[in-house]
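Visitor: I would like to learn how to read a few features of a model. Please take them one at a time, with the general idea first.

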Amino acid sequence: MGKMMKGFAMLGIGKVGWIEKEVPKCGPLDAIVRPLAIAICTSDVHTVYEGAIGDRHNMILGHEGCGEIVEVGSEVKDFKPGDRVLVPAITPDWNSLEAQAGYSMHSGGMLAGWKFSNFKDGVFSEYFHVNDADGNLALIPDGMTVEEACILSDMVPTGFHAVELADVQFGDSVLVIGIGAVGLMSVAGASLRGASRIIAVGTRPVCINAAKGYGATDFISYKDGSIEDQVMELTGGKGVDRVCIAGGDVSTFEAAIKSLKPGGRIGSVNYLGSGDFVNIPRTEWGCGMGHKQILTGLMPGGRLRMEKLSSLVASGRLDVKPEITHVFHGWDHCAEALELMRDKPKDLIKPVVIPD
Ligand code: NDP
Ligand code: ZN
């Protein structure tokens, strides 16, 4: 048996705890990384408490973090032990046919680019394995804190992906449904893309404040009546050009379709943790002829995306600090941080744990 390590794992639906496993082996193209910081994601909550990807046992959790490389495979060219690296939540196999077709996140099968805490153990452990290190890792830019680096794993690339899917253009009016850590990055991304009006849907005061800072111009509470009625009131009955979805559930698509102008586009990155079907309202969808497009997707990962998005932070064009509301020191706080993410207190956006 090889060297052992501790990891914070899903033991079954609704159950978590620390387990011992062997330190993962490093293949020729891979890296073994020691986390410098990790972040809890709402997806971890869907995984553990809703059993969204099935009843997993002894699977180490987590897909958001940054770290220091402790080992690289013999074929790795650009990284070495001691390098401090950004680690994307999605780590595709870059030589796969799906990646060649432009859908690296589905390399090896649907959603199979999402490996951490899905197809293999995640990053909430003393060491974790990264496939295709040259294709997936990126150096943490000078001056970037480890907390900020964690936000680049998933929140920036996912929130921005909703904006890419919705294809936000200069001067567009954009509805962002959900302004948690992901949706806030959709607000920031829509601002960077030149949206003229950004209507944000959410209620947590800390999120509303952050959304203002990222460029949201109007606010709607989904608790104060239907989203579509409030959008129509704000837009004089016209609706919006684009919708980004980063919150809600299967029923949210109905509000999005009803809020959209003909020819508009919906970009959803929401993880639908429950419900069997998504209903599309036939009439407001133009009886199928309204040119209202719905695009949904898992965010793309990989090194180039990490380098580009981290350059926005390093250059000062994007400030991710408002995302980080809770910082814990010590592995012992993993369970507390996960419960916080589940319970979503009013002052929470994103919890980060620094192992120390
Ligand atoms: P949060 O729970 O922090 O934020 C959700 C937001 O949606 C909050 O603003 C919340 O409002 C709002 N909301 C809740 N219920 C409704 C509703 N019924 N109608 C409209 N808005 C609602 O989540 P995160 O920002 O962390 O994550 C957002 C989603 O993105 C999750 O489903 C997550 O799993 C998914 N995700 C997807 C990824 C991908 O690659 N596609 C990757 C990572 C995450 P309030 O202010 O009241 O809390
Ligand atoms: Zn995540």
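Guide: Start with a pair of helices: α1 and α11 are roughly perpendicular to each other, because angles from 65 to 115 degrees are classed that way. The model is a predicted one.

Visitor: How is a pair of packed helices described?

Guide: Two packed helices are described by the angle between their axes and the distance between the axes. Here helix α1 (residues 42–49) packs against helix α11 (residues 334–343) at about 95 degrees, and their axes lie 9 Å apart.

Visitor: Which residues make the contact between α1 and α11?

Guide: From α1 come Thr 42, Asp 44, Val 45, Val 48 and Tyr 49, and from α11 come Leu 338, Glu 339, Met 341 and Arg 342. Sorted by class, the contact has five nonpolar, one polar and three charged residues.

Visitor: Is α5 enclosed by the rest of the structure or exposed, and why?

Guide: A residue counts as buried under 20% relative accessible area. In α5, 11 of the 12 residues are buried, so the helix is largely enclosed by the rest of the structure. Among the buried residues are Met 155, Phe 160, His 161 and Leu 165.

Visitor: What follows α5?

Guide: Asp 167 follows α5, and its phi is positive, near 55 degrees.

Visitor: Next, strands. In which sense do β9 and β12 pair, and over how many bridges?

Guide: For a strand pair, look at the sense and then at the bridges. Strand β9 (residues 173–177) pairs with β12 in the parallel sense over four bridges. One of the residues to look at is Val 176, whose bridge partner in β12 is Cys 244.

Visitor: And how does β12 pair with β13?

Guide: The pairing of β12 with strand β13 (residues 260–268) is also parallel, over five bridges. Arg 242 has Arg 265 of β13 as its bridge partner. Six of the six residues of β12, residues 240–245, are buried, so this strand is largely enclosed by the rest of the structure.

Visitor: Last, a single residue. Is Asp 218 buried or exposed?

Guide: Asp 218 counts as buried because its relative accessibility is 15%, and the cut-off is under 20%. Asp 218 belongs to strand β11 (residues 218–220). Leaving aside residues up to four places away in sequence, Asp 218 touches Arg 197, Ile 198, Ile 199, Ala 200 and Leu 234.

Terms used:
Residues are numbered from 1 along each chain as its sequence is written. Chains are lettered from A and ligands numbered from 1 in the order in which they are written. This is a predicted model: local features need pLDDT of at least 70, side-chain atom pairs count only at pLDDT 80 or more; totals for chains, interfaces and linings use all residues. Side-chain values use heavy atoms; hydrogens and water are left out. Helices (H or I, at least four residues) and strands (E, at least two) are DSSP runs, numbered from the N terminus. Buried means under 20% relative accessible area, exposed over 50%, partly exposed in between (1.4 Å probe, protein chains only). Contact means heavy atoms within 4.5 Å. Axes are lines fitted to C-alpha atoms, for helices over the stretch in contact, and angles run from 0 to 180 degrees between N-to-C directions. Angles under 35 degrees count as roughly parallel, over 145 as roughly antiparallel, 65 to 115 as roughly perpendicular and the rest as oblique. Ala, Val, Leu, Ile, Met, Phe, Trp, Tyr, Cys and Pro count as nonpolar, Asp, Glu, Lys and Arg as charged, and the others, Gly among them, as polar. Two strands pair if DSSP finds at least two bridges between them.
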